[in-house]
Amino acid sequence: MSDLRRRTKAPYLFLAPALILFAAFLAAPIGYAAYLSLRRIKVSGLGLGLGSRTEVWAGLGNYTRSLTDPEFLPSVLRVGGYGLVVVPTMLGLALLMALLLDAGRTRVGTFARTAIFLPYAVPAVIASLLWGFLYLPRVSPIVDVLQGIGITPPDALSSSWVLYAVANIAVWGGTGFNMIVLYTALRAIPTDLFEAARIDGASDIQIALRIKIPIIAPSLVMTFLFSMIATLQVFAEPMTLRPLSNTISTTWTPLMKVYRDAFVRNDIYAAAATSVIIAAATFVVSYGFLKLVGSRAFSQEN
Amino acid sequence: MAVSTVPALPATARPATPPAPPHRRTSPTATVLLLLGAAYCLLPVLWVLIASSKSASELFSTFTFTPSTHLFDNIGYLTEYRDGLYWRWMANTVVYAGVGAAASTLVSAMAGFALARYTFRGKSLIFNLVLAGVLVPGVILAVPQYLLLAKVGMTNTYWAVLLPSMISPYGIYLARIFAAATVPTEVLEAARIDGAGDWRTFARVALPMMRGGLVTVFLFQFVAIWNNYMLPFIMLGDDRLFPVTVGLSGLLNQGATQPAMYTAVVTGAMLSVVPLVALFLALQRYWRVDISAGAVKA
């Protein structure tokens, strides 16, 4: 590719706003979090008066404190279990709907595509509000229906169900967008790749499994990756549901623990250490996943 | 969910809505499954439309999908609540998501254009930084961003939410792809021979050519800001600066002691969802996203 090869300051000027913002709001916060995670407050004397509280190096103390916090491991396991529910369900539904739309054997395609995409316009907080009300036994239509046929349904916000209640909100909000992504990939497959199989008598299901899904595998890999990253950061849904349920603790997810440590306990050092751990874990998981599937995630040609 | 992907350029192999070919039968199973999916997705939206017409006592007593007649009472109550605080939240949301996304799109377009159409020292380093930035989970930055902005006394201002929203590594990555695909080098050379400077070439030649892709960058960033709850939640203490998401979740907290607040929350949710849903449906064609980056090669 031929570029504008003159010696000029222009590219740096074009990049300047992005680089300044990148430095100030991405690089600096990461660096500052890493720095804080290695610091602690040293209290001298009674801790009263100016200068009696000083910041000193803490080594890896905050990390051991964070990792051995009795509430940390349960929150990590909870988010792990949550991810195992959300990601396969959401992507499975998205793939199924995309394949059904692509097969073109229905007259409700446009309506269904629009309806299923709609929740993407609803932010997680509002989605959690809506579902939160629908989970209340006095509001829920599902409870009415089940009681009508003589079944007493469990409380969706009780401790054994709340994980699925939160997972449902994420599935509801994310399926449509992923469906559109996969559908676009499906529509880009040239028809002649499967017309021959159809003439040979292959069914729609065989064509989907043997031809379409393998071709759109790169799209599946990327939706999987971005869904995992989003799952690890779950915060808005449980925070919004908290007023409606006493089963969601202040450390229900790792990010909620970061928030509590930083702003409720004013322990920014523990919060910083936990943030660094979450960021590192996210990076390892996503990088490891890309290595595992052997995918070049981002095109670097040109 | 902050899920992001690579939007496809308009060229697709087949039309977006395939007419069912006459020689292929329609499948009842497919229709039923798609309608079930649609019903699941519409259920909460339908509910909020109906529930916002119920009075506080009806909300928890009448059947879920029985509409009532109190919609305008509810809107009136919400409007009067603390001198129209709710509408201020709506206006704030437009400022954060609209201005933030517009600024982010311009920043991304400039950076993407430079990365796609210039050769310069440090180019691959910068590009790799951008790629690494895409994988940084943004929400984790909120606490250190707050602490740093607190040092310069900028928390609890509009800037505290706007400035961090203006940088989007993913937007830069997309803009670079769009610039490489839609702005031919020959056109830039021609503009240069005609005596146009670098900035003029970018603003008058490249920017209009990238317009279609930049709408997509704008929409992605708009949704990302509108969806980001943690950043404004942490940065803002004054509830007059809240976006509608943070405001409504605060109202829900009050509902525990003042049940009348629940009606306000439901009505507020309805009023905030309807314009956005309308906007999305109107702009649906820009959401043709193709995630496999190879498909958008220049």
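Reply: Start with the core. The largest nonpolar core has 177 residues, and those with the most contacts inside it are Ala98(A), Leu130(A), Leu182(A), Ala111(B) and Ala269(B). The largest share of this core, 16 residues, comes from helix H7 (residues 162–187) of chain A. Helices (H or I, at least four residues) and strands (E, at least two) are DSSP runs, numbered from the N terminus. This is a predicted model: local features need pLDDT of at least 70, side-chain atom pairs count only at pLDDT 80 or more, and totals for chains, interfaces and linings use all residues. Residues are numbered from 1 along each chain as its sequence is written, while chains are lettered from A and ligands numbered from 1 in the order in which they are written.

Me: What makes a set of residues a nonpolar core?

Reply: Its members are buried Ala, Val, Leu, Ile, Met, Phe, Trp, Tyr and Cys residues, joined through C-beta atoms within 7 Å. A residue is buried if 20 or more other C-beta atoms lie within 10 Å of its own, exposed if 12 or fewer, and partly exposed in between; C-beta atoms are placed from the backbone.

Me: Which residues is Ala111(B) in contact with, leaving aside its neighbours within four places in sequence?

Reply: They are Phe14(A), Leu15(A), Ala18(A), Ile172(B) and Ala175(B). Contact means that two C-beta atoms, placed from the backbone, lie within 7 Å.

Me: How do you know that helix H6 of chain B is largely enclosed?

Reply: Count its buried residues. Seven of the 10 residues of H6(B) (residues 142–151) are buried, so the rest of the structure largely encloses this helix. They are Ala142(B), Val143(B), Pro144(B), Gln145(B), Tyr146(B), Leu148(B) and Leu149(B). Their cover includes helix H1 (10–36), H12 and H13 of chain A, together with helix H7 (158–165) and helix H12 (230–235) of chain B. After H6(B) comes Gly153(B), with a positive phi near 70 degrees.

Me: Why are H5(A) and H13(B) called roughly parallel?

Reply: Helix H5 (residues 124–135) of chain A and helix H13 (residues 244–255) of chain B pack at an angle of about 30 degrees, with their axes 9 Å apart. Axes are lines fitted to C-alpha atoms, for helices over the stretch in contact, and angles run from 0 to 180 degrees between N-to-C directions. Angles under 35 degrees count as roughly parallel, over 145 as roughly antiparallel, 65 to 115 as roughly perpendicular and the rest as oblique. H5(A) and H13(B) are therefore roughly parallel.

Me: Which residues meet there, and of what class are they?

Reply: Val125(A), Ile126(A) and Leu129(A) in H5(A) meet Thr245(B), Leu248(B), Ser249(B) and Leu252(B) in H13(B). That gives five nonpolar, two polar and no charged residues. Ala, Val, Leu, Ile, Met, Phe, Trp, Tyr, Cys and Pro count as nonpolar, Asp, Glu, Lys and Arg as charged, and the others, Gly among them, as polar.

Me: What makes Asn266(A) and Arg82(B) exposed?

Reply: Asn266(A) has 10 other C-beta atoms within 10 Å, so it is exposed. Arg82(B) has 9, so it is exposed too. Asn266(A) lies in the loop between helix H12 (254–264) and helix H13 (268–293) of chain A. Arg82(B) sits in the loop between helix H3 (71–80) and helix H4 (85–117) of chain B. Neither is a glycine, yet phi is positive: about 55 degrees for Asn266(A) and about 45 degrees for Arg82(B).
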